Amino acid sequence: MFYNSKDRAYSLLAAYRFTRPGKNTSCTDGRSFSALAFRVRGRSRFSFEGRRCVAEEKSILYIPSGVGYSRVGEDEEIIVLHLSCHGEDDAEITALEAQDAEELFEKLLLAWCEDGKENYNRCMSLLYRILETAEKSAPAAHHNVPMSIAKGVQYISAHYRDPDATVSAAAMLCHVSEVWFRRVYHECFGISPWQDILNRRFSHARTLLQTGYYSVKEVALRSGFSDVKYFRTAFSKRYGCTPSTYAIQAKSI
C-alpha cells in the first residue's frame with residue numbers, strides 16, 4: 001500500500017485547496033506525479049483499469065503517478081498534495097476513511113502556504129504523519145499481524161458481517177484473554193477490535209447502498225446489523241445523512 005512500503009519515499013511538490021461545485025467530471029491518461037488528497041466535503045467516484053473507487057467525505061485518496069482514470073464528483077472541497085515518489089510506485093488508487101487526518105492536512109497546507117521552502121522539513125514531517133494516520137485507518141488485512149492474534153484477526157476479517165461475531169470469540173481462538181487481545185490489537189492497528197468490526201460493517205453497508213439493489217433493511221442485515229433501527233441512527237450520525245439519502249445520492253453520481 002502507498003503508506004507502508006519500506007522501498008518507497010516521497011518528496012512534496014505542492015499543496016493547495018480547491019473546490020468543485022455541483023456535479024463535475026474529469027479524466028486523465030495518467031500524470032507524472034502522485035497525489036494524496038483529503039476530502040473536506042463532497043465525494044467522487046473513480047473508474048480505472050476496470051475497477052472502481054469511491055472517495056467519501058472525510059477520506060484520504062491516493063492516486064499513483066501514471067494511472068489513468070475517469071472521475072465523477074459532486075460538491076467537493078479538497079486539500080491536495082502533489083508528490084514525487086522515489087522507488088517503485090506499485091500502489092493503486094486507494095480511498096480510506098480517515099477523519100483524524102483532516103487537522104494534519106490543514107497544518108501542512110498552512111505551513112506550505114506560509115513559505116514552502118522555509119517550512120519544507122515541517123511539511124515533510126506532517127506528510128509522514130499523514131501516512132502514519134492512513135496506515136492506522138486501513139483495514140487490518142494490510143498490516144503485519146503478530147502471530148499471537150493472527151487467528152483472531154482472521155476471524156474478524158471473515159466474520160465481521162455475522163451479527164453474532166464478538167471480540168470474545170476472536171480472543172478465544174487465540175487462547176488469550178479478551179482484555180489482552182484488545183490491548184495487542186489496538187497496539188498493532190491503532191483501533192479497538194470492536195471499532196474495527198463496526199468500521200468494516202459500515203464500509204460494507206455503503207458499498208451495498210451504492211449498488212441500489214437492496215433495501216435499507218437488507219443492507220443492515222447483510223452488513224452485520226441485526227437491529228435496523230440502530231443501523232439507521234448510527235449510519236446517520238456517522239455520515240450525516242440517512243442510509244436512504246446516501247443511496248439516492250450515490251445513484252445520482
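User: Which strand holds Val40, and is Val40 buried or exposed?
Analyst: In this predicted model, Val40 lies in strand β2. Its relative accessible area is 12%. The cut-off for buried is under 20%, so Val40 is buried.

User: Which residues is Val40 in contact with, leaving aside its neighbours within four places in sequence?
Analyst: With those neighbours left aside, the contacts of Val40 include Glu57 and Lys58. Glu77 and Ile79 are also in contact with Val40.

User: How far apart in space are Val40 and Gly68, C-alpha to C-alpha?
Analyst: In sequence, Val40 and Gly68 are 28 residues apart. In space, the C-alpha to C-alpha distance between Val40 and Gly68 is 24 Å.

User: How many of the residues of strand β2 are buried?
Analyst: Strand β2 covers residues 34-48, which makes 15 residues. The strand is largely enclosed by the rest of the structure, because the buried ones number 13 of the 15.

User: Which residue is the bridge partner of Phe46 in β5, and which in β3?
Analyst: β2 and strand β5 (residues 69-86) run antiparallel and are joined by 12 bridges. β2 also pairs with strand β3 (residues 51-55) in the antiparallel sense, over five bridges. For Phe46, the partner in β5 is Arg71, and the partner in β3 is Cys53.

User: Which residue in the turn between β2 and β3 has a positive phi?
Analyst: β2 and β3 form a hairpin, with two residues between them. In that turn, a positive phi of about 50° belongs to Glu49.

User: What is the bridge partner of Leu36 in β4?
Analyst: Strand β4 (residues 59-63) pairs with β2 in the antiparallel sense, over four bridges. Within β4, Leu36 has as its bridge partner Tyr62.

User: Where is Ser59 placed, and what is its relative accessibility?
Analyst: Ser59 has its place in strand β4. Leaving aside neighbours within four places in sequence, Ser59 is in contact with residues that include Ala37, Phe38 and Arg39, as well as Leu96, Glu97 and Ala98. Ser59 counts as buried, because its relative accessibility is 4%.

User: Is Asp75 buried or partly exposed?
Analyst: Asp75 is found in strand β5. It has a positive phi of about 50° although it is not a glycine. With a relative accessibility of 35%, Asp75 counts as partly exposed.

User: What is the relative accessible area of His175?
Analyst: The place of His175 is in the loop between α4 (167-173) and α5. His175 is not a glycine, although it has a positive phi of about 60°. The cut-off for exposed is over 50%, and His175 is exposed because its relative accessible area is 73%.

User: At what angle do the axes of helix α5 and helix α6 cross?
Analyst: Helix α5 spans residues 178-189, and helix α6 spans residues 193-211. Their axes come within 9 Å and cross at roughly 65°.

User: Which helices are among what covers the buried residues of α3?
Analyst: Helix α3 covers residues 150-159, and its buried residues are Ala150, Gly152, Val153, Tyr155 and Ile156. What covers them includes α4, α5 and α6.

User: Is the pair of Phe225 and Tyr230 stacked or tilted?
Analyst: The count of aromatic pairs comes to 16. In the pair of Phe225 and Tyr230, the ring centres are 6.2 Å apart. Planes under 30 degrees apart would count as stacked and over 60 as edge-to-face. The planes here are at 40°, so the pair is tilted.

User: Which charged end sits over the ring of Phe225?
Analyst: Phe225 is buried, with a relative accessible area of 3%, whereas Tyr230 counts as partly exposed at 41% relative accessibility. Both belong to one aromatic cluster, formed by Phe202, Phe225, Tyr230, Phe231, Phe235, Tyr239 and Tyr246. Over the ring of Phe225, 5.9 Å from its centre, sits the charged end of Arg201.

Note on methods
Residues numbered from 1 in each chain as written. Predicted model: local features only at pLDDT ≥ 70, side-chain atom pairs only at ≥ 80, totals over all residues. Heavy atoms only, no water. Axes fitted to C-alpha atoms, helices over the stretch in contact; angles between N-to-C directions. Phe/Tyr/Trp six-rings, centres within 6.5 Å; stacked < 30°, edge-to-face > 60°. Buried < 20%, exposed > 50% of the residue type's maximum accessible area, 1.4 Å probe, protein only. Lys NZ or Arg CZ within 6 Å of the ring centre and 35° of its normal. Pairing = 2+ DSSP bridges. Contact = heavy atoms within 4.5 Å.
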